Amino acid sequence: MAGRVGFHSDLVTDIESPADEEGVHDSFSQLIEEQSQDHHDEIEMTSLELEEESRDDVMCLESPVYLRCDSEEPQQTEPLVGGRWSSDTLKVLSSMPSRTIGRSRGAIISQYYNRTLQLRRRRQSRPSIQHFPRSARPSIRGHRVETDADEHEENDNKRERLVNNLQNLSASDRVRMLRAMPLSLAEKKELRMLVLNKAEHSLSQNQIPCCSQLKYYIIIAVRHGWYGWLSFLSSLQLWQTALKCVGGHFGTGVLSYFLFLRTLLFFNVFLFLVTGLFLVVPQAVVVPDRDQNTSVTSLWGLEVLTGAGYFSDSLLYYGYYSHQTLQAKRRCSGTGNGTSCEYGLSYNMPLVYFFTIGAAFFITCIILVYTMSKSFGQSFRIDKSKGLLAIKVFSSWDFKVSKKSSVRLQRANIGTQLKELVAEVNREELKFSVLQRLFRVFIHMLAWLMCLGSTLACVLAVFYFSEHMHKLQKAAEARSRTGPGSSDGLLLKEASLLAVPVLVSGINLILPGFFNAVAWMEEYDSPSMLNYVSIGRNLLLKVSVLGVLCHHWLGRVASDPKTLGLQCWESFVGQELYRFLLMDFIFMLLDTFFGEFLWRLFSQKALKRKRKPVFDIARNVLELIYGQTLAWLGVLFSPLLPVVQIIKLLFLFYMKKVSLMMNCQASGKPWRASQMTTIFITLLCFPSFLGASVCVTYTMWTVKPSAGCGPFRGLNTMFQAGKLWVQELAAENPNLSWLASAHAYLVENPLFLFLCAAIFLIVIYFHSQVVDGQRKIIELLQEQIENEGGDKKFLITRLQDIHERKRVVSPRRVRGASEDSSYS
């Protein structure tokens, strides 16, 4: 509010103070003293004391445009924009606390230069005195008005003092002050060149020692190298240009989907690096001794889809990994009795397998918690749309952009963000009557009942169909024991493995469309609320289906693998997860082709409409979370499953981007997705990662491993591998007996895991509370600033009214005194 006040002399805009306050800050009394000594003439010329000292017609020249003498009557304007201030008003304004605290020499410099430019423009905008009659010309006697030559000389002196003061500042403070000055870019560039030329001239006069010059060049070289490294790191960001293009054309809502996809890609790359370095590479170097050759009875054409056949006995699945300590042969020598070989480094594969999976999940949990906390702090801060709109309008352009394509992209990005901010500012809450509210509540309840009923029906369908297929597999295994099967029976058996994945992927494809139709019936006004509701319904569907599948794998398959003829149920579960992941990708391709491409052609060719489909953020994001949950569930049974997920995400990014540009259009109601990324990370952490962690932990702590395959064969549970290793260490070295008790309390006891989970939840809770408290404090401070602005406006208005009354009364007193003297 105070920034709207237009005054000439003592008020400046708020400028950021430099970092070195001791060398730059001065007291306000010194500022007043300097101003009163150097600019006393200018203050008196701009104040209205000229009117009180002499009753000439100077007011007609000094007053603003809306109070010119040639106008018939003054126009009605806001009283705070006039700029006609008395000396008392100026003193009160300059004494305000907001104008006296934190004043810096840089602010004074900016004030001097700004005042000089204002006076020059004001004098140039005044009408020529030659156009007035001689009787109407103002009298300039006694007002200390200087000639044009003196005025020009004074302006040059002020510029010289400004350059000297800027030169005395440090480089960072000088840059900060030049940025904060309310000048044009040309004027700032001119000032900067004057300061640099004077600095070079002074350096040439003073002979700088060689050591100082070398230090100066080293600092410059290091700074340029650092800036070049930062620019190089920025250029290495994945899909940077593509993401800018998506955000510029479709807004932050669609952009949040692609950002989330990139985040999932980084998680899978980390998971692949951990499992690849510690599990896959050592097992690939030392090939395990196979007791029996696995006969490939699968059709190779279906191996890619089913993951069976040749892939069953490969590094892709759990069953290939050895249960022994891997030892690399170092040297072999021939003796009389035979050949003896000395072994080098030993590698305990069961122990490494257990701790690698555990460490990967633990580090992923830490990264997720950190990412979610950081996202909470960024998205739930105070960012009022009006303030962001002003920032986006006045300071959003990057002047370092020079390419035409980059300029067009940045222009489109700024335009889309402005549409979102304007839509959020202009959004109004609709008011409904009591009957309308009841009708809307009834519609919402009916919609939720329909969505919940359809979800329950699909979950029951998956449950009974998986049980039916389980019985069919048992029957097929019983028939295969009695006699060899034909090629048709083998083909049918391979195809039956894809039945459950196809059913689940079909449900995930069709049911979200039904949810969208129900949401269209509800008629949500806010696009963000529509996306949140759709995310909730799709999440409920995905979590329920995954729960049924986990029960099928860990409850039916793992409990009785012999009835299915499985020697390694872990590899079978890994194959199931591979099939689900692959079917999910295939159905996403079908959805992109039929739901976006063919629908666009049908709408434009058959229906003759220009409208294209809108990108469904909720459904696509939940598909990403569903696929990532499958990858986390399968890393225990298939260490290379993150590679499949990486390939899937890479194809998915380019496929979705191309389809988005060709087949989709931006939402008709622009909306700003300020908290979408935070919600996505939260859903990825709690329902997805937490559920996968619980299933993996349950498998490692409770379910008995297969007796004929894998690194944990012969053990009751997987976590016993660590217990046996600790017991061996304690037996070989009695000094390490404390490891057994530490392993018992930290690994075997589930209380430690619950304690770690509780600590993570407490950290997240406290961080959210801190962010919430900061948000409330910022709201109070903003309200206080608005109230102080209102107080200043009220005080200035009162002061101006008092001055107007005093100016009206003073001519009457002069007129009355003259009449008394005439009568006398």
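**View 1. Arg 619 and Asp 591, a buried pair.** Both Arg 619 and Asp 591 are buried, which here means under 20% relative accessible area, with exposed being over 50% and partly exposed in between (1.4 Å probe, protein chains only). They form a salt bridge whose closest N and O atoms are 3.3 Å apart; the term covers a side-chain nitrogen of Lys or Arg within 4 Å of a carboxyl oxygen of Asp or Glu. Arg 619 lies in helix 23 (residues 617–634) and Asp 591 in helix 22, so the pair ties together parts that are 28 residues apart in sequence. Helices (H or I, at least four residues) and strands (E, at least two) are DSSP runs, numbered from the N terminus. Asp 616 joins in too: Asp 591, Asp 616 and Arg 619 are linked in a network of salt bridges.

A quick note on the model: it is predicted, so local features need pLDDT of at least 70 and side-chain atom pairs count only at pLDDT 80 or more, while totals for chains, interfaces and linings use all residues. Residues are numbered from 1 along each chain as its sequence is written, and side-chain values use heavy atoms, with hydrogens and water left out.

**View 2. Two further salt bridges.** The whole structure has six salt bridges. In one of them, Glu 522 meets Arg 537 at 3.0 Å, N to O. This pair links distant parts of the chain, with Glu 522 in helix 20 (residues 499–522) and Arg 537 in helix 21, 15 residues apart. Both residues, Glu 522 and Arg 537, are buried. In another, Asp 584 pairs with Lys 648, and the closest N and O atoms are 2.6 Å apart. Asp 584 counts as buried at 3% relative accessibility, and Lys 648 is buried at 5%.

View 3. Rings of Phe, Tyr and Trp (its six-membered ring) pair if their centres lie within 6.5 Å; planes under 30 degrees apart are stacked, over 60 edge-to-face, and the rest tilted. Phe 653 and Tyr 654 have ring centres 5.4 Å apart and planes at 90 degrees, so they are edge-to-face. Phe 653 is buried at 1% relative accessibility, whereas Tyr 654 is partly exposed at 48%. Together with Trp 239, Tyr 257, Phe 258 and Phe 615, they form one aromatic cluster.

**View 4. Arginines over rings.** The charged end of Arg 556 sits over the ring of Phe 463, 4.9 Å from its centre. Arg 579 does likewise over the face of Phe 572, at 5.8 Å from the ring centre. To qualify, NZ of Lys or CZ of Arg must be within 6 Å of the ring centre and within 35 degrees of the ring normal.

View 5. Tyr 532 is in helix 21 (residues 527–557) and is partly exposed, with a relative accessible area of 29%. Leaving aside neighbours within four places in sequence, Tyr 532 is in contact (heavy atoms within 4.5 Å) with Gln 675, Met 676 and Ile 679. Tyr 532 and Ala 618 are 86 residues apart in sequence, yet 7.5 Å apart in space, C-alpha to C-alpha.
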